[in-house]
Amino acid sequence: MHKCIPDAEIIETEINQKPAFVEQKIDLIYLGPSSERGQEIIIQKLKPYKEKIEELIENGTTFLFTGNAIEVLGDSIKNEDGSQIEGLEIFHIRAKRNMMNRRNSNIIGKYEDIEIVGFKSQFTQAYGDVEENSLMELELGMGMNENTNKEGIKKNHFIATYVIGPILILNPLFTKKLMQMMGIENPTLALEKEVMTAYEARLKEFHKKFKPESK
Amino acid sequence: MSKKTLKFYIALWGAKAGSIILKLLGRNATYFPGKFALSICPNFIEMIGKSKTIIGVTGTNGKTTVCNMIEDTLRENNYKFIDNKYGSNIDSGIATTLISGVNLTGKAKKDIAVLEIDERSVSKVFPYLTPTYLICTNLFRDSLMRNAHTEFIAGVLTKYIPKQTKLIVNADDLICSNIAPDNEKIYFSIDKLETDTEKCNNIVRDIIVCPKCNTKLEYEYYRYHHIGKAHCPNCDFGTPKADYIANKIDIDKKKMTILQKDETQEEYDIPNTNIINMYNMLAVIVLLKQIGLTQEQINNGLKKLKIVETRYSEEEYEGIKIVTHLAKGMNPIACSRAFEYAKTTDGNKIAIVLVDDLHEDAKGTENIAWQYDTDFEFLNDDTIKQVIIAGPRYLDTIVRIRMAGVPEEKIAYEKNEVEATAKANLEGIDKVVILHDLYSIEETERIKNKLKEMIKEKETK
């Protein structure tokens, strides 16, 4: 994203710092995947700002949460021993960990008129309100859990998906949409020719390899 | 060791018969006999007779090299042992090795076992087998799909390493040195080097905050990624004091002096001065000293060591050096080290990048997240005159290398490795570095042959 918007100021928040969005207007709030212990610390650190996050989601601030980051905003994360960690309860999903069974999948999904390609790699599955406010419907790969093809959450300009990075590099059309949400009218991408070529080739390959019946 | 059951004997004899049949068919028994035995008798590893001294080697990078070094030095000194050099490093491979080391009654024939153990597989091995010594070389992020993250792997190791096992760990690695906190440990370290830096030159550091109090760690110096010397400014967490410290390294003379806990010093030959291999050698020296080898015995072995050709090779052809360097696909640290080598090795160079995990690709894996944890930025260097990209996912690698700042005019590419190599511009080039994946040995050979053909052609013009 920084290469696409070279003038953008990137604020990296360390674990013991107050998030910048509490006092400033931020155009994109990003949270990436973390370790299980990391998730628990992040929940504790973000708890005082729950209402602020809800307010920002409601007023249309752009968010991108990838990998297991969405679980932080869910109701709970359950361990295999039955113990559970309470989330921020902004979205009513419940994650369930299975640490000796990592789930990996390639995905093809449809978000509005765009095909999204990418990868998921996670210990958890999410249950609860996973059908509501979903980001996309998958044609390939596991959704929020093994019984659904609904993937991610979208509410206003809040976007969360278990799909991991480099989701933006792999999906130039989606990246442009995200930039538009951030208020950029005619977004252009860094290395647009190269990323589009790689995207089109991957899309074709995924369809051919994993969905031979499709064109 | 628990009592042997009828199931155990059926599994053992069946597996031994299977090994003989595989040998007659000319195939290596790398894991099948063990897999068969474990399917019949799940606690087979617990029941089978074991060597008196079991040396385990685990960690993200360097397991195979360390095992090879231990085995070569033991062999040089006429020790008899079993090892899984030709077997896999997961439970079935280890069971296969143990089967080869016992007689028909299941009794161990040799006193020493050297076992490379995959760090993710310890949950299936350590409940049944207690290493006398366990070397943990280092812990870095590895395949995201399999190993997730280092906290997970460190947690698995801590959970399953038997309490009686004495650990030999890298003190300069704050993740590795903190596994299994209740076990007896011997720490090894390399003292501050001139090449150490105040800032980290890598994208990835797998430990940034103190695992005890979440305060940002302060580094006295970085060596590579999270390797270096650090402490928490808020609590007692930090790099432990080492028992064996390589405190004088003479790269030109290829010598290393080790300061031991009792303040005595010993000098050793270091046939390979790459920092990773110095750590590997240090781990080997510490281990061999524990089992009673003298400095002389160890050094005699070290002097003759060679790095396996599939990991590193160099050859001079008509004035141009052709180097092959393993850049293990999906392993961002191993690839970053290889790319740094391409940057720092002398001369004007061409880097040929073939880092697709072709073997994984054959199984349908597409995940390229690891490329963005890898320091492709090292390839953006004035001494690297051309970067050639090949392999099934070459389009992704082009994007990554362009993101790293390598100018378009320096990049050549083709999916096919020979066609890509044909685009090499050898004018003014001293060295071609082929950075290849573990499963691309044949492709690497084809690249080398094409290069030789081109060099020859250039000479005859």
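Two residues are said to be in contact if their C-beta atoms, placed from the backbone, lie within 7 Å. The model is predicted, and local features need pLDDT of at least 70, side-chain atom pairs count only at pLDDT 80 or more, while totals for chains, interfaces and linings use all residues. Residues are numbered from 1 along each chain as its sequence is written, and chains are lettered from A and ligands numbered from 1 in the order in which they are written.

**Exercise 1. Describe the overall build of chain B.**

Step 1: Begin with the contacts in chain B that have a separation of 6 or more, of which 71% come from residues 24 or more positions apart.

Step 2: Turn to the radius of gyration, taken over C-alpha atoms, and compare it with the globule rule, 2.2 Å times the number of residues to the power 0.38. For chain B the radius is 23 Å, close to the 23 Å that the rule gives for 461 residues, so the chain is as compact as a globular protein of that length.

Step 3: Along the principal axes, the C-alpha atoms of chain B fill a box of roughly 70 × 60 × 45 Å.

**Exercise 2. Explain why helix H5 of chain B is largely enclosed.**

Step 1: Apply the burial cut-offs: a residue is buried if 20 or more other C-beta atoms lie within 10 Å of its own, exposed if 12 or fewer, and partly exposed in between, with C-beta atoms placed from the backbone. In chain B, 48% of the 461 residues count as buried.

Step 2: In H5 (residues 91-100), 10 of the 10 residues are buried, so this helix is largely enclosed by the rest of the structure. Among them are B:Asp91, B:Ile94 and B:Leu98.

Step 3: Find the partners in chain B: the buried residues of H5(B) pack against helices H1 (6-24), H2 (32-40), H3 (44-47) and H6 (122-125), and against strands S2 (81-83) and S3 (112-116).

**Exercise 3. Work out how chain B meets chain A.**

Step 1: Count both sides: 21 residues of chain B are in contact with 24 residues of chain A.

Step 2: Helices H7 (144-147), H8 (150-160) and H13 (394-403) of chain B each give two or more residues to the side that touches chain A, and the largest share, 6 residues, comes from H13(B).

Methods:
Helices (H or I, at least four residues) and strands (E, at least two) are DSSP runs, numbered from the N terminus.
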